[in-house]
Amino acid sequence: MIDRHRAYVSATQLQQARTADAFVLPPDVCHRFVRVLRLPHQAAVALFDGTGLAVYGKLNIRAKPVCLTNIQLQQHVQSAPHLHIAQALCRPTKLQEVVRNCTPLAVQRFIWFHSSRCTHSPKEVRSHHLQHLQRIAQDAVRQSEQWHMPHIEQPISFADLLTSCSTFDGLCVVGDPHSDIWIVQHLLQPTQLPSSALVIIGPEGGLSDTEKEALQQQGAVCVNWASFVLRTELAACVALTAVHNAMRLRSLQANC
């Protein structure tokens, strides 16, 4: 089941396809397939709801309304490790870049937090900003041919971030350009690869020494992402790329 055009639908809508012989497409999905992509009758398409459930079928554009037939369902399992990004608050446009660039790297959760050097407060990130970030994530999931939607969380305080770190069951790393430990070096240590990882990205200007010490006390490890200074909206993407590279190297070493 490859080379299919895909579209996102809500979980409530997709549940109707479990028992239906023909699934009527929502208006926005119908517009995308028929008007934008101009797919032919009986074109193979797929729908997803972000939970891993996929509905495959044939596009029946001759039906009124347009529907999906020859329905097949498949539940996709999200691969490990589960990746979480904790990004210091910055301009909404930069948060959009973080979601757009990191979602294709299989991020499961985006956490926004406020620290001492943040130029934006949690109150400035309103519900419509979060809804827009969710739409960006939907497009990124569709384009990267994934099946699971990342969760976009409400902004939290630095104290709440510390609590999350203390209870996080997995690897927790925080970016520090002054650290002598490189992220790939840390991930390639002869220990079991974690099932989940929390990557913490500081604001422009970085986290303060006090904040980094507080995170270390909660189990976080200060690591260096690169040999040069990165913009805050780029750091998460670089860090996740390093995580994926380390996973690949670990897999190759295990198969040697």
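Where does A106 lie, in terms of the helix and the strand on its two sides? The points below answer this and describe the rest of the model.

1. Basis of the note. This is a predicted model, in which local features need pLDDT of at least 70, side-chain atom pairs count only at pLDDT 80 or more, and totals for chains, interfaces and linings use all residues. Residues are numbered from 1 along each chain as its sequence is written, and side-chain values use heavy atoms, with hydrogens and water left out.

2. Overall build. The protein contains 8 helices and 11 strands; helices (H or I, at least four residues) and strands (E, at least two) are DSSP runs, numbered from the N terminus. Its C-alpha atoms fill a box of roughly 65 × 50 × 30 Å along the principal axes. Of the 256 residues, 48% are buried. Here buried means under 20% relative accessible area, exposed means over 50%, and partly exposed lies in between (1.4 Å probe, protein chains only).

3. Residue A106. A106 lies in the loop between helix 3 (92–102) and strand 7 (107–113). Its phi is near 65°, a positive value in a residue other than glycine. At 25% relative accessibility, A106 counts as partly exposed.

4. Residue Q42. A positive phi, near 70°, is also found at Q42, again a residue other than glycine. Q42 belongs to the loop between helix 2 (27–36) and strand 3 (44–48), and Q42 is partly exposed, with a relative accessible area of 33%.

5. A cis peptide bond. K64 and P65 are joined by a cis peptide bond, with omega about 0°. P65 is located in the loop between strand 4 (53–60) and strand 5 (67–75).

6. Helix 7. In this helix (residues 209–217), the residues E211, K212, A214 and L215 are buried. Viewed down the axis of helix 7, the buried residues fall within an arc of 160°, so they line one face of the helix; the arc is that of the directions from the helix axis to the C-beta atoms. D209, T210 and Q217 are exposed on the other side. The buried residues pack against helix 5 (158–167), strand 9 (171–175), strand 10 (196–201) and strand 11 (221–223), where contact means heavy atoms within 4.5 Å. Just after helix 7, G219 takes a positive phi of about 105°.

7. Cysteines. A search of the whole structure finds 0 disulfides, a disulfide being a pair of cysteine sulfur atoms within 2.5 Å. The sulfur of C118 is 7.8 Å from the closest cysteine sulfur, in C90, which is too far for a bond.
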